[in-house]
Amino acid sequence: MPKNDLLLRALRGEEVSRPPVWMMRQAGRYLPEFMELKDKYDFFTRCQTPDMAAEITMQPVRRFPIDAAIIFSDILVIPQAMGLPFEMRPGVGPWLDNPVRSAADVAKLRTGDVNDELKYVFDALKITKEALNDEIPLIGFAGSPWTIFCYAVQGQGSKNFDKAKAFAYTETKAAHELLQKITDSTIIYLKEKINSGADVIQIFDSWGGMLSPKDYQEFSYPYITQIVDALYEQVPVVVFAKGCWYALDEMSQSNASALGVDWTIKPSVAREMTKNRITLQGNFDPSRLLSPPETIQKMVKEMIDEFGTTKYIANLGHGILPNIPVENARAFIEAVVNYKK
């Protein structure tokens with residue numbers, strides 16, 4: 001049990017004097033020490049080198065009084081292990097030369113246990129766990145099957161993922177086969193992350209909000225539920241479905257321990273929709289970290305006042321942006337740590 005177990009207590013819904021705080025993408029691109037490594041090594045080299053991934057995970061822990069570390073990795077390591085050789089192109093982001101475009105492409109992909117290819121992730125977790133010395137919990141994560149599906153079929157990032165959606169709607173049987181393959185591999189992967197030291201798991205459904213409420217119930221949520229149901233008895237699971245406020249009521253009745261919310265919903269509305277059944281995480285607009293530190297601190301206090309201290313984890317409404325000054329990130333974290341009602 002970590003010495004600082006504030007996050008775990010909040011996930012259990014226990015009374016706490018202040019909410020725990022961490023930031024999505026806290027191990028990364030806004031930190032000068034991260035940029036030094038970025039200048040020397042490409043993205044997936046950093047992910048695939050356990051010592052380096054552990055070092056990057058620890059960088060924000062050394063700088064800030066955060067209540068959790070999140071392993072430095074990427075959601076695309078799963079499709080890579082399944083046989084989709086994603087690369088990270090400068091100025092473009094994720095790129096796949098031959099995206100999945102047919103039932104035959106789906107059939108070719110590996111499924112089930114692809115953990116041999118992902119040993120570097122588990123090694124990074126073990127090294128990080130040792131470095132943390134049980135001070136704070138360690139979070140492991142994966143992308144939701146729908147979000148991975150979007151990249152696998154589109155082949156790159158997109159404003160609307162039109163090709164991915166077209167495949168889902170016209171090749172529906174093959175689409176569900178692909179989603180199930182991703183789900184099966186993800187469950188095995190996350191179980192091994194837990195065995196390697198992850199105290200909490202977070203599922204990122206970054207592109208769930210691309211779907212209508214009805215389509216979300218077909219192509220995303222059932223697969224997330226499979227993952228949650230496979231893991232929740234081992235560790236708490238947080239589900240962050242960006243743009244999916246419409247599913248909060250149903251998600252709050254799942255076996256997840258917490259739901260991440262983005263900045264497009266008022267805390268009071270999120271509480272109302274979830275009937276205070278579940279811990280909520282979020283929802284500070286990452287761009288608001290460009291405000292002066294004193295403004296950030298005032299807004300953070302207002303955010304906590306609205307959510308309340310119980311069943312709440314202070315975080316951003318999406319990942320921290322690369323152009324955020326380090327002192328502004330510190331202002332966000334310290335405003336939570338020093339919170340008084």
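The lining of the largest pocket draws at least two residues from each of helix H2 (32-40), helix H3 (43-48), strand S2 (87-89) and strand S3 (93-95), and H2 gives the most, with three residues. Helices (H or I, at least four residues) and strands (E, at least two) are DSSP runs, numbered from the N terminus. The model is predicted: local features need pLDDT of at least 70 and side-chain atom pairs count only at pLDDT 80 or more, whereas totals for chains, interfaces and linings use all residues. Residues are numbered from 1 along each chain as its sequence is written, and side-chain values use heavy atoms, with hydrogens and water left out.

Cysteine 47 also lies in helix H3. This residue is buried, with a relative accessible area of 2% (buried means under 20%, exposed over 50%, partly exposed in between, with a 1.4 Å probe and protein chains only). Residues up to four places away in sequence aside, cysteine 47 touches Ala53, Phe72, Ser73, Asp74 and Tyr120 (contact means heavy atoms within 4.5 Å).

Aspartate 205 is found in strand S5 (residues 200-205). Aspartate 205 is buried yet has no salt bridge (a side-chain nitrogen of Lys or Arg within 4 Å of a carboxyl oxygen of Asp or Glu). The nearest side chain of opposite charge, lysine 242, is 11 Å away; Lys and Arg count as positive and Asp and Glu as negative, while His and the chain ends are not counted. Beyond four places in sequence, the contacts of aspartate 205 include Trp146, Tyr216 and Phe240.
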